[in-house]
Amino acid sequence: MLRFAILSITLVALINSSNIPKTAATPPSRYQNYKTFVKNACNSTTYPIMCYNSLSSYSSTIKADPIKLCTTSLNVNLKYAKNATLVVSNLLKKAKSTSSPEVPVLKDCVEEMKDTVDELKQAMAEMKNLTGGGKISKEEHLKNVKTWVSAALTDDTTCTDEFEEGEVNEETKKVENAVSELSKTTSNTLALITNYLRF
């Protein structure tokens, strides 16, 4: 009888263990819900497809948390800003070596891109205070976040406008594309902060 009981327990354990891989291989429904949250959030932006493409891979980190959503968007935004700064800086070096008339415009644009990087970093610093702490209220911190991101968007747009007024060639198109992508990302970030952070 004891041997039969032991055998029964062993069989039950084997059956249960055989189900583990199937369970592990099935994506949890809440993970899909996290992606839905990101998609719905991105639908509130001006460039929803770009927004979703840049944030969906972080959905398991964002979960359904508005602060994590906006913080992640700022992090992605900063990467775009650093990339745009590099593209413009490289073109400026080439322009200087050939005494190109585009040098003044490129110099201005590099400064604007650097300002964008600094402003996004300031916004990220303010975001950290939204979870608690700091000498001022959460509402004031949120206002500061919006101010910094708005300033970054202004710098992006100023750089783009300057290039639209100048001569277009293959090199300037690279700059325009990089800055345009940055401008769209910054616009999306501002929309997410405006629409999803409430205190």
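1. How far is the sulfur of Cys70 from the closest cysteine sulfur, and in which residue does that sulfur lie? The closest one belongs to Cys51, at 9.8 Å, which is too far for a bond, given that a disulfide is defined as a pair of cysteine sulfur atoms within 2.5 Å. Cys70 counts as buried because its relative accessibility is 0%, where buried means under 20% relative accessible area, exposed over 50% and partly exposed in between, with a 1.4 Å probe and protein chains only.

2. On the basis of these values, please keep in mind that this is a predicted model, in which local features need pLDDT of at least 70 and side-chain atom pairs count only at pLDDT 80 or more, whereas totals for chains, interfaces and linings use all residues. Residues are numbered from 1 along each chain as its sequence is written, and side-chain values use heavy atoms, with hydrogens and water left out.

3. The structure holds two disulfides, and when the bonded cysteines of the chain are numbered in sequence order the pairing reads 1-2, 3-4. One of them joins Cys42 to Cys51, with 2.1 Å from S to S, and its torsion of -65° about the S-S bond makes the link left-handed. Both partners are buried, Cys42 because its relative accessibility is 0% and Cys51 because its value is 2%.

4. A disulfide also joins Cys109 to Cys159, with an S to S distance of 1.6 Å. This pair links distant parts of the chain, since Cys109 lies in helix H6 (residues 103-128) and Cys159 in helix H7 (residues 138-165), 50 residues apart; helices here are DSSP runs of H or I with at least four residues, numbered from the N terminus. The torsion about the S-S bond is about -65°, so this disulfide is left-handed. Cys109 counts as buried at 1% relative accessibility, and Cys159 is buried with a relative accessible area of 1%.

5. Which residues of H3 are buried? They are Met50, Cys51, Ser54 and Leu55. Because they cover an arc of only 115° around the axis, they sit on the same side of H3, the arc being that of the directions from the helix axis to the C-beta atoms. In general, an α-helix has 3.6 residues a turn, so residues three or four places apart point the same way. The exposed residues Ile49 and Asn53 are carried by the face of H3 turned away from its buried side.

6. The count comes to one cavity of 30 Å³ or more, a cavity being a set of points on a 1 Å grid over the protein atoms alone where a 1.4 Å probe fits but cannot get out, with lining residues having an atom within 4 Å of a point. The largest cavity holds about 50 Å³ of space, a volume being the space filled by probe spheres set on the points. Its lining consists of Met50, Cys51, Ser54, Leu55, Ser73, Val76, Thr185, Asn188 and Thr189. Helix H3 (48-55), helix H5 (66-97) and helix H8 (170-196) each supply at least two of the lining residues, with the largest share, four residues, coming from H3.

7. Lys121 lies in helix H6 and counts as partly exposed because its relative accessibility is 41%. Lys121 and Leu74 are 47 residues apart in sequence and 8.5 Å apart in space, C-alpha to C-alpha. Leaving aside residues up to four places away in sequence, Lys121 touches Leu78 and Lys82, where contact means heavy atoms within 4.5 Å.

Terms used: 1 Å grid on protein atoms, 1.4 Å probe; cavity = no way out; pocket = protein on both sides within 12 Å on 5 of 7 lines; lining within 4 Å.
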